[in-house]
Amino acid sequence: MRSKKRVVAIGDVRIGGRHPVAVQSMTKTKTSDVKATLNQIRRLKRAGCELVRCAVVNKNDAEALSRICALAAMPVIADIHFDYRLALLAVDAGVDKIRVNPGNINTDWKMKRIIERAKEKNIPVRIGVNSGSIPKSILKKYGHPTVAAVVESARRAVAFFSKHDFHDMVLSAKGVDVMDTVETYKILNKEFDFPLHLGITEAGLPFQGSIKSAVGIGILLNQGIGDTIRVSLTADPVHEVAAAYEILVSLGLRQHGPVLISCPMCGRCDVDIGSIAREVEKRLKKYENYMKVAVMGCVVNGPGEAREADFGIACGKGVGAVFARGKEIRRVQEKKLVDILFEVIDENLDT
Ligand code: SF4
């Protein structure tokens with residue numbers, strides 16, 4: 001059961017309460033390049049992204065946000081570090097939320113200005129603590145960015161916002177170390193009822209980063225912790241969205257498009273199951289419906305798995321069987337298997 005947090009509205013997306021865990025990503029273009037940024041946001045939308053964050057590094061980025069917000073097909077979040085004036089400009093440009101790192105805007109009056117402007121525009125703020133930017137006084141006390149230091153940093157920021165009567169908050173406290181991040185979020189979850197945005201920061205290239213994120217985010221989500229997630233990858237952000245949905249679908253928290261099940265191959269396999277699975281994966285991209293499609297390499301486990309899926313193929317020697325909704329419906333030559341599988345999917349999809 002998910003921990004019930006207060007509901008926060010980011011544009012038309014609601015998080016917290018019983019709302020589904022929302023998928024977030026970040027554009028990797030210069031935000032001031034409106035055309036490239038909007039193009040990336042469109043691709044993210046097609047991939048299923050629900051919230052997009054844009055880095056605001058300078059005045060040009062902040063000013064570009066008004067056009068981006070007007071044309072983006074999802075709520076836009078401004079990511080601010082260091083310069084409180086950029087936060088004010090971003091709010092005026094019409095963003096749906098801002099993310100600030102209190103460790104980088106470490107002056108009370110500047111933070112107060114941000115709070116006042118967010119209140120005026122009625123938008124939420126994410127307090128995004130990062131293990132790499134703990135305020136100096138806290139770092140001095142703990143020596144390193146330990147879990148306790150990160151938590152104290154979040155606690156101090158929340159107390160400051162609350163003191164100024166601002167409660168429309170989302171919290172995050174990302175770290176590079178997976179288990180430290182898990183520990184940090186568990187404490188924040190116990191202590192606060194603000195929605196939590198989960199992520200493992202600087203997770204890495206797609207292979208390593210997806211695994212690290214799946215472990216960290218997966219442990220937390222499985223304990224009912226987390227309201228939005230971002231899988232940070234050194235890659236096209238569309239991969240971040242795909243990885244996020246893999247995590248959510250695996251945990252049974254969301255349904256999103258087709259799920260491909262393919263056998264890992266072994267010595268019983270007489271076909272090139274890798275090529276067949278890749279071809280099926282490619283053709284499945286045009287489908288939006290949630291369905292399980294199994295691609296199995298032999299007649300030992302193949303028919304059983306293919307029957308359990310919504311659609312499937314089990315290969316043999318030169319021939320294979322096609323399954324739909326638990327029944328074997330065709331036997332076809334290996335080279336026609338994928339074409340026939342998709343004919344069968346199209347015929348049966350909404351029946
Ligand atoms: Fe091996 Fe057959 Fe299982 Fe694939 S389905 S891993 S080929 S036993």
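## Ground rules

Helices (H or I, at least four residues) and strands (E, at least two) are DSSP runs, numbered from the N terminus. This is a predicted model, in which local features need pLDDT of at least 70 and side-chain atom pairs count only at pLDDT 80 or more, while totals for chains, interfaces and linings use all residues. Residues are numbered from 1 along each chain as its sequence is written, and side-chain values use heavy atoms, with hydrogens and water left out.

Let's start with strand β6, residues 97–100, which is covered on both faces. Lys-97 and Arg-99 on one side are buried, as are Ile-98 and Val-100 on the other (buried means under 20% relative accessible area, exposed over 50%, partly exposed in between, with a 1.4 Å probe and protein chains only).

Two strands pair if DSSP finds at least two bridges between them. Strand β5 (residues 76–80) runs parallel to β6, with four bridges, and Ala-78 has Ile-98 as its bridge partner. Strand β7 (residues 125–130) is also parallel to β6, joined by three bridges; here Ile-98 stands opposite Val-125.

## Helical connections

Helix α3 (residues 84–93) forms a right-handed β-α-β unit with β5 and β6. Right-handed means that, with the strands pointing away from the viewer, the path from the first strand over the helix to the second runs clockwise.

## Two loop residues with positive phi

Asp-165, in the loop between α6 (147–163) and β8 (169–174), has a positive phi of about 55° although it is not a glycine. Asp-165 is exposed, at 52% relative accessible area.

Met-265 is not a glycine either, yet its phi is positive, about 75°. Its loop lies between β11 (258–262) and α10 (273–284), and Met-265 is partly exposed at 44% relative accessibility.
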